Amino acid sequence: MAESRKEFIKKIIAGSITASFFPQVMIGNRPAGHFRNVYGTGVNEETPIRIGLIGKGTMGTSDTDTALRIPGVKLVAVCDLYDARLQEAKTAWGNDLFTTKDYTEILSRQDIDAVIIATPDHWHQRISIEALNAGKHVYCEKPAIRKLNEAEDLIKAQRASGRLYQVGSQGMASLGNRKARQLVQSGIIGKVHLIEGFFTSAPQPLNEYPVPDDASEKTVWWNRFLGNAPKRPFDAQRFFYWRNWSDYGTGVAGDLFVHVLASLHFITDAAGPEKVYATGGIDYYSDGKRDMPDILLGYSDYPDRNNIGAFKVSLGVNYSDGISKKWGSLDFRIIGDAGTIEVKWDSVTLKTLKEIPENKFTVLDPLGQGVDRIIRPGAKEYVFQADDGYKGGHYDHFEKFFNGIRNNAPIDADVLFAVRSAAPALLCYESYLKDSPIFWDAEKLKIKKSAKK
């Protein structure tokens with residue numbers, strides 16, 4: 001049987017083959033120069049890509065600001081359910097914007113090529129499907145789905161539409177994640193056994209959920225916000241802090257775990273875990289202003305899919321920890337039997353059991369922007385740091401999306417990737433509710449009754 005490119009590179013780094021005999025190629029299942037072509041210049045920018053924003057909250061605003069930094073992108077319309085945000089949109093992005101509270105008016109416009117969907121989670125799948133059916137390319141905030149049974153219809157809609165769908169797990173596009181992918185798939189840390197990430201934030205005063213003074217049913221389209229959620233009287237706290245509530249959000253797992261999950265899926269080419277189990281509770285914010293855990297620990301067992309290794313994933317959130325100052329989407333660890341990789345968006349720190357000559361790294365395709373340069377703090381430590389001018393993973397993610405639209409180019413964070421990386425996060429919450437492990441078939445996207453079935 002012919003030897004795979006990945007196995008050949010592993011032998012080079014292990015020292016059994018001389019690196020000089022091997023051309024400069026990107027490891028993994030991507031051709032040489034893949035990311036340079038995607039993230040580089042030369043894209044036709046004469047015709048602007050016209051976008052619409054649906055949901056101008058904190059993330060929607062950040063997404064749009066980043067999207068508009070990409071050359072050749074024009075914002076045409078903005079939708080939000082709160083009047084003040086529509087006025088803020090005109091102030092920030094121009095009085096000529098079309099603004100509306102009804103997202104269907106965005107989808108019906110012929111002068112919009114793509115939409116950014118940054119609504120509460122319980123609207124993600126529905127608006128994505130309607131946007132795809134309307135012929136729009138879709139950039140949707142994570143998680144792509146709120147319930148596991150939403151996956152099939154979303155995948156079908158994307159495939160039938162022929163339009164691009166990219167999920168907003170922006171960290172995976174960063175230079176740090178791309179360098180980590182190279183290192184892991186080269187075998188430099190041996191077989192992966194554990195990936196861990198943690199999120200912490202300091203506790204806030206209880207019962208302190210400030211809302212705008214003008215928030216009312218006159219300024220907020222409450223019934224549209226509710227959508228398919230249970231009907232209830234207007235509650236400004238639920239509208240502005242919807243992540244606290246299971247009727248609309250996916251909790252800390254869907255908000256935070258999914259970032260690390262998307263990154264590790266990209267880095268390892270994983271499809272998903274076989275088993276998920278979680279524990280947690282509302283341990284600090286017991287003021288009746290949430291029904292989602294403020295502490296959650298999630299654990300997953302991943303099979304060895306591509307000879308990377310069978311590994312465990314340990315993720316945690318603690319909203320009452322102001323000391324640790326950890327934020328997993330920006331900083332997580334991959335642990336193998338020959339070394340450890342600490343992954344940040346703009347850097348990677350590799351620590352190995354044995355010293356590795358620097359020329360062993362020359363088989364890796366250069367990613368540019370400084371991240372290929374090796375800094376040696378110690379004999380068995382290697383730091384790959386992006387240049388100071390690096391624009392960040394959020395920028396890279398949108399650049400990949402718009403390049404895909406212009407050049408009909410494939411994207412990594414497509415619809416199948418989106419639901420596969422969302423699923424373990426949703427399963428963590430389900431496991432917490434059931435107080436039992438859940439077995440998962442990542443290929444078929446189905447819950448199994450046991451580990452054997």
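**Close-up views of a predicted model**

**Figure 1. Lining of the second largest cavity.** The second largest cavity is lined by Thr268, Ala270, Pro303, Asp304, Arg305, Asn306, Ile308, Gly309 and Phe311. The view is taken from a predicted model. The space in this second largest cavity amounts to about 40 Å³, and the count of cavities of 30 Å³ or more comes to two. By residue class, the lining of the second largest cavity comprises four nonpolar, three polar and two charged residues. Rolling a probe the size of a water molecule over the atoms shows where empty space is left.

Figure 2. Thr268 belongs to helix H11, which spans residues 251–268. Thr268 has a relative accessible area of 2% and is therefore buried, the cut-off being under 20%. Beyond its neighbours within four places in sequence, Thr268 makes contact with Val184, Gln185, Ile195, Asn306, Ile308 and Phe311. The C-alpha atoms of Thr268 and Arg181 lie 6.7 Å apart in space, although the two residues are separated by 87 residues in sequence.

Figure 3. One aromatic cluster is formed by Tyr82, Trp222, Phe225, Phe234, Phe239, Phe240 and Tyr248. The count of aromatic pairs is 19. A pair of aromatic rings is described by the distance of the centres and the angle of the planes. Arg109 is placed over the face of Phe98, 4.6 Å from the ring centre. Lys275 is placed over the face of Tyr277, at 5.0 Å from the ring centre.

Figure 4. Most residues other than glycine have a negative phi, and most peptide bonds are trans. Lys142 and Pro143 are joined by a cis peptide bond, with omega about -10 degrees; Pro143 lies in the loop between strand E5 (137–140) and helix H7 (151–161). Asn207, which is not a glycine, has a positive phi of about 60 degrees. Asn207 is located in the loop between strand E7 (192–200) and helix H9 (222–226). With a relative accessible area of 52%, Asn207 is exposed, because the cut-off for that class is over 50%. Leu445 likewise has a positive phi, near 55 degrees, and sits in the loop between strand E16 (438–441) and strand E17 (446–448).

**Figure 5. The chain as context for the close-up views.** The chain contains 13 helices and 17 strands. Of its 453 residues, 57% count as buried. Among contacts in the chain with a separation of 6 or more, 71% are between residues 24 or more positions apart.

Methods
Residues are numbered from 1 along each chain as its sequence is written. This is a predicted model: local features need pLDDT of at least 70, side-chain atom pairs count only at pLDDT 80 or more; totals for chains, interfaces and linings use all residues. Side-chain values use heavy atoms; hydrogens and water are left out. Helices (H or I, at least four residues) and strands (E, at least two) are DSSP runs, numbered from the N terminus. Buried means under 20% relative accessible area, exposed over 50%, partly exposed in between (1.4 Å probe, protein chains only). Contact means heavy atoms within 4.5 Å. On a 1 Å grid over the protein atoms alone, a cavity is a set of points where a 1.4 Å probe fits but cannot get out, and a pocket is an open set with protein on both sides within 12 Å along at least five of seven lines; lining residues have an atom within 4 Å of a point. Grid points are joined across faces, edges and corners, and a volume is the space filled by probe spheres set on the points. Ala, Val, Leu, Ile, Met, Phe, Trp, Tyr, Cys and Pro count as nonpolar, Asp, Glu, Lys and Arg as charged, and the others, Gly among them, as polar. Rings of Phe, Tyr and Trp (its six-membered ring) pair if their centres lie within 6.5 Å; planes under 30 degrees apart count as stacked, over 60 as edge-to-face and the rest as tilted. A charge sits over a ring if NZ of Lys or CZ of Arg is within 6 Å of the ring centre and within 35 degrees of the ring normal.
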